[in-house]
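Please find below a colleague's note on the structure under discussion.

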Amino acid sequence: MIDCNNFYASCERVFHPAWGHRPVGVLSNNDGCIVARSNELKDAGIPMGVPYFQAKDQLAKINAVVVSSNYALYGDLSARVMNTLSQFTPEMEVYSIDEAWLDLSGFNPADLDGYGRDITRTIKQHTGIPVSMGIAPTKVLAKIANRICKQRKIPGAVFNLGNEKALDEVLGAIAVDEIWGIGSRWGKGLNALGIDNARQLRDCDTGQMRKRFSVVMERLILELRGIPCLEFEDIAPKKQIIASRSFGERVTELPDLKEAVSSYVTRAAEKLRAQGSACRLLQVSIRTGRHNPKEQFVRRSRQIEFGAPTADTRKLIAAACQGVEQMFVPGVRYAKAGVMLFDLVPVDGMQLGLFEPGDSDKSQVLMETVDRLNRLYGRRSLFFASEGIQKRWGMKRERMTPCYTTHWEDLPTVQ
DNA sequence: TCTGGGGTCCTAGGACCC
DNA sequence: TCTGGGGTCCTAGGACCC
């Protein structure tokens, strides 16, 4: 398992050497929460996920750099990291924007550490992003190895748990809720049973734990014992596609709400077509803010079924807007809307209904053309009128850095 | 005043079938 | 008083991940 250290913060740092060792924090959409922290920011005690307005004073005090998230930049650097990585092994599973699994089973165990150090060094050299690598016989153990690599700041950034002689001690130092697959709920449940660290969990009776929790827990315990239960996975098409956003400011007018939802539908439909699918079911939802106790929490959703699967943005927008009209209540301050596409089927070999026509050839050609032009000339070069132009509800990103690697006009200049 | 977004898998229970 | 057994499919909700 290889992952990028403090990925978003590291991406920003690549293009700002002048920041030196100042702490770096990256904000979520709408500049809401801290979602990525450099080591300096972690050391300063700023917790993950803390609302920005709550941490603002402390951040200023430690002279931290705080930026809005710049997904164009992170997505592009991620692709470069993964591309470099893929040159080292044919068997690779991209697990998230900043993580990948490598299958090194064909390699000579004695060479693994050195090969690992080659990999981490090359990634750093090619992309400027620091990475860490954990090697072990199973995914769960490799995650633990990766964590130890970071905790101990191992030179070369590779830690191989397969070579570890004092395995019991190492696992004994890992708290259960640090294990990949154990969240806070299960962590508390395990603590209540007197199980506090990875070694204790490994030595539990699998049958009992399965009964108490689920088969997921049983597999996790077996993985801790070095018995692989989690496969290497192929890139499968998504089973559901979501596009949702909080608004930059509260929305109270129906036209604005429909505009926002149309934009989200457009984005979801792009993803849908990109994986060669069509959908049979769309769900649209709207809600108010969750954190104001004086304001009533309102949340509504509507599902719209299509007689035949569709990937036509126009049909999807029409359906979603109809749903919004049915749900809209005047006087409510909406904070967020979202669109989900379910019941996805591959477009090739699609079963069409007897009476409902599917997407026409014309429709498919039109959508392909829209997608191609937007790929070529940048997102939203061509868009649907119902998405609106002003976007009063648009995302707040007050501290965004330039898209150094994806927009020509943002290309850095060297003097 | 201001609190992110996008996913997966598993289980239990109900509906329905023979 | 007593009211079968076994299977599938679907959905809602809970747990987890980054």
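The numbered points below treat the chain as a whole and then its aromatic contacts.

1. The model under review is predicted. In chain A there are 14 helices, together with twelve strands.

2. Overall dimensions. For the 415 residues of chain A, the globule rule gives a radius of gyration of 22 Å; the model has 24 Å, which is close to that value, so the chain is as compact as a globular protein of that length. The C-alpha trace extends over about 65 × 60 × 50 Å along its principal axes.

3. Burial and surface. Of the 415 residues in chain A, 45% are buried.

4. Contact order. Considering contacts in chain A between residues at least 6 apart in sequence, 67% connect residues at least 24 apart.

5. Chain A carries 55 positive side chains and 48 negative ones. The centres of these two sets are separated by 5 Å.

6. Aromatic pairs. How many aromatic pairs does a search of the whole structure find? The search returns 13. One of them joins tyrosine 8 and tyrosine 74, a stacked pair with 4.3 Å from centre to centre and 15 degrees between the planes. Tyrosine 8 belongs to helix H1 (residues 7-14) and tyrosine 74 to helix H4 (residues 71-86), so that the pair links distant parts of the chain, 66 residues apart. Tyrosine 8 and tyrosine 74 are both buried.

7. A second stacked pair. Phenylalanine 15 and tyrosine 404 count as stacked because their planes meet at 5 degrees, with ring centres 4.5 Å apart; the cut-off for stacking is under 30 degrees. Phenylalanine 15 is found in the loop between H1 and strand S2 (24-27), and tyrosine 404 in the segment after helix H14 (361-377), so the pair ties together parts that are 389 residues apart in sequence.

8. Exposure of the second pair. Are phenylalanine 15 and tyrosine 404 buried or exposed? Phenylalanine 15 has a relative accessible area of 23% and is therefore partly exposed. Tyrosine 404 counts as buried because its relative accessibility is 11%, the limit for burial being under 20%.

9. Aromatic cluster. Phe7, Tyr8, Tyr71 and Tyr74 are linked into a cluster by ring pairs. Two of its members, tyrosine 8 and tyrosine 74, form the stacked pair described in point 6.

Note on methods
Residues numbered from 1 in each chain as written. Chains lettered and ligands numbered in written order. Predicted model: local features only at pLDDT ≥ 70, side-chain atom pairs only at ≥ 80, totals over all residues. Heavy atoms only, no water. Helix = DSSP H or I, 4+ residues; strand = E, 2+ residues; numbered from the N terminus. Rg over C-alpha atoms; globule rule 2.2 N^0.38 Å. Buried < 20%, exposed > 50% of the residue type's maximum accessible area, 1.4 Å probe, protein only. Contact = heavy atoms within 4.5 Å. Lys, Arg positive; Asp, Glu negative; His and termini not counted. Charge placed at Lys NZ, Arg CZ, Asp CG, Glu CD. Phe/Tyr/Trp six-rings, centres within 6.5 Å; stacked < 30°, edge-to-face > 60°.
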